[in-house]
Amino acid sequence: MIHIRDATPADVPQIMFFVKELAEFEREADKVVATEELLLGAMFGDDRPAAEAVIAEIDGKPVGMALFFHNFSTWTGWRGLYLEDLYVTPEARGAGVGTALLKHLAGLAVDRGCTRFEWAVLDWNTAAIDFYRAMGAVAMDEWTVNRVTGDALTKLAGRG
């Protein structure tokens, strides 16, 4: 049976492990610069948490996680839930863990008054795309994600 629970500070090493495994799967392992200390502060520090996570367990063993945060829609006037990372260990794939995590987060979104539940998926990850569509997700193909980082971010901020 799959059990989903809120992550605690003691889960940060496991979350970091899952993040690194996901980055490896996504062929971007060298891009992970986060540390356990950074995650601990972002999720459980004194300020407003930047993110939250839930852990999926089977027989008390962590087999997956979902890390998420709130965003906001000016069009609806309500906040939404944004799924940053969904990860299920290879040995637990096909056991319903991903479905359970998505359903749990959808329930949180509804309970918190969110009008949207969104996430991004790599265009080459057809298994995930098919899974998400089967869960009722609609691809937002007309939108393109933009990102500014590093020196370009500093330059854009007028500080470099």
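**View A. A nonpolar surface patch of Phe-25, Leu-122 and Trp-124 in the predicted model.** Together the three residues have about 240 Å² of accessible area. Areas come from the Shrake-Rupley method with a 1.4 Å probe, and for residues only the protein chains shown count as cover. Patch members have over 30% relative accessible area and no salt bridge; nonpolar side chains (Val, Leu, Ile, Met, Phe, Trp, Tyr) are joined within 5 Å, like charges within 9 Å. Leu-122 sits in the loop between strand 5 (117-119) and helix 4 (126-134). Helices (H or I, at least four residues) and strands (E, at least two) are DSSP runs, numbered from the N terminus. Leu-122 is partly exposed, at 32% relative accessibility. Buried means under 20%, exposed over 50%, partly exposed in between (1.4 Å probe, protein chains only).

Residues are numbered from 1 along each chain as its sequence is written. In this predicted model, local features need pLDDT of at least 70, side-chain atom pairs count only at pLDDT 80 or more, and totals for chains, interfaces and linings use all residues; side-chain values use heavy atoms, without hydrogens and water.

**View B. The open sheet of 5 strands, in the order 1-2-3-4-5.** Its pairing is mixed; two strands pair if DSSP finds at least two bridges between them. Strand 1 (2-6) and strand 5 stand at the edges with a single partner strand each, so one side of each lacks a neighbour in the sheet.

**View C. The hairpin of strands 3 and 4.** Strand 3 (residues 61-73) and strand 4 (residues 78-88) run antiparallel, joined by 10 bridges. Asn-71 has Gly-80 as its bridge partner. Phe-68 is partnered by Leu-83. Between the two strands lie 4 residues, and Gly-77 in the turn has a positive phi of about 80°.

**View D. Strand 4 beside strand 5.** The two pair in the parallel sense over 3 bridges. Here Tyr-82 has Glu-118 as its bridge partner.

**View E. A salt-bridge network of Arg-5, Asp-11 and Glu-57.** A salt bridge needs a side-chain nitrogen of Lys or Arg within 4 Å of a carboxyl oxygen of Asp or Glu. Arg-5 and Glu-57 meet at 2.9 Å, N to O. This pair links strand 1 to strand 2 (residues 52-58), 52 residues apart. Arg-5 is partly exposed at 22% relative accessible area, whereas Glu-57 is buried at 12%.

**View F. The salt bridge of Glu-91 with Lys-61.** Their closest N and O atoms are 3.5 Å apart. Glu-91 lies in the loop between strand 4 and helix 3, Lys-61 in strand 3. Glu-91 is exposed at 56%; Lys-61 is partly exposed at 45%.
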